[in-house]
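Work through the exercises below with the model open. Each task is followed by a solution in steps.

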Amino acid sequence: MENFVEMAPIIYTPTVGWVCSNYHKLYRRPRGMFFSAKDKGEMAALVYNWPQSDVHAVVVTDGSRILGLGDLGLNGLGIPVGKLDLYCAAAGFHPTKVLPCVVDVGTDNVALRSDPLYCGLTRPRLTGPAYYEILDEFVHAIMTRWPDAVLQFEDFQMKHALTLLERYRNHHLVFNDDIQGTAATALAGLYGALRVQGKGLEAIGKQRVVCVGAGSAGMGVVRMVAAGMEKQG
């Protein structure tokens, strides 16, 4: 914590973006858990291979929308690793009680698929019901072993991000940082700006808000701001 401001950009953005782009060239030892479409029917067994019986936080990605870099497939595991490093450093999570994961369902990044060093599935991404069958099995396996853990979805494509959040939120403790975390921070910033202007929270409803970008984070911000406007009348 003494050097958190200096170290955070090294642990996470912008450095983690470079790490993910080159993960297949930098790989030395496993960190976290790797799941793939080929593990269908075996994910519960894989989960019980993890040596820690008490996990408090799980961050998972499918590598489909890593930061602003797009589809990086299995290389996206660097994001859950980096995010949980921040949680340990700044939020008090114990390093042995967090679990970074990647669910590899293929990649549409042709350059990665043709790279002999790439460790992931060298096939186009699963879509439709087949995709959700894999995610359903993963979530069921994780939450069966650690029912009290928070499961955070990280850097999923917009077409899946909101669907997955709605699919599981009424049954498990799940969270999407792009849709909810970024959005909550943006709304808090707007409330703070109103306070600086000497206005009350109800003034949010009179503001015009332009959001540049329609990804999961941008649309999450729009939804959260709209919810704030409704709440404040």
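The exercises cover salt bridges and then pockets.

This is a predicted model, in which local features need pLDDT of at least 70, side-chain atom pairs count only at pLDDT 80 or more, and totals for chains, interfaces and linings use all residues. Residues are numbered from 1 along each chain as its sequence is written, and side-chain values use heavy atoms, with hydrogens and water left out.

**Exercise 1.** Find how many salt bridges the whole structure holds, and state which parts arginine 65 and aspartate 155 tie together.

Solution.
1. Apply the criterion: a side-chain nitrogen of Lys or Arg within 4 Å of a carboxyl oxygen of Asp or Glu.
2. A search of the whole structure then gives twelve salt bridges.
3. One of them joins arginine 65 to aspartate 155, at 3.2 Å from N to O.
4. Arginine 65 sits in the loop between β2 (57-61) and α5 (78-90), and aspartate 155 in the loop between β4 (150-153) and α8 (158-168), so the pair ties together parts 90 residues apart in sequence. Helices (H or I, at least four residues) and strands (E, at least two) are DSSP runs, numbered from the N terminus.
5. For accessibility, buried means under 20% relative accessible area, exposed over 50%, and partly exposed in between (1.4 Å probe, protein chains only). Arginine 65 is partly exposed at 22%, while aspartate 155 is buried at 2%.

**Exercise 2.** Is lysine 83, the salt-bridge partner of aspartate 177, buried or exposed?

Solution.
1. The closest N and O atoms of lysine 83 and aspartate 177 are 2.6 Å apart.
2. Lysine 83 belongs to helix α5 and aspartate 177 to helix α9 (residues 177-196), so this pair links parts 94 residues apart in sequence.
3. Lysine 83 is buried, and aspartate 177 is buried too.

**Exercise 3.** Describe the lining of the largest pocket.

Solution.
1. On a 1 Å grid over the protein atoms alone, a pocket is an open set of points where a 1.4 Å probe fits, with protein on both sides within 12 Å along at least five of seven lines; lining residues have an atom within 4 Å of a point.
2. The largest pocket holds about 310 Å³.
3. It has 15 lining residues, and the closest to its centre are Val19, Tyr23, Arg31, Gly78 and Val81.
4. Two or more lining residues come from each of α1 (4-11), α2 (15-21), α3 (23-26) and α5. The largest share, four residues, is from α5.

Methods
Grid points are joined across faces, edges and corners, and a volume is the space filled by probe spheres set on the points.
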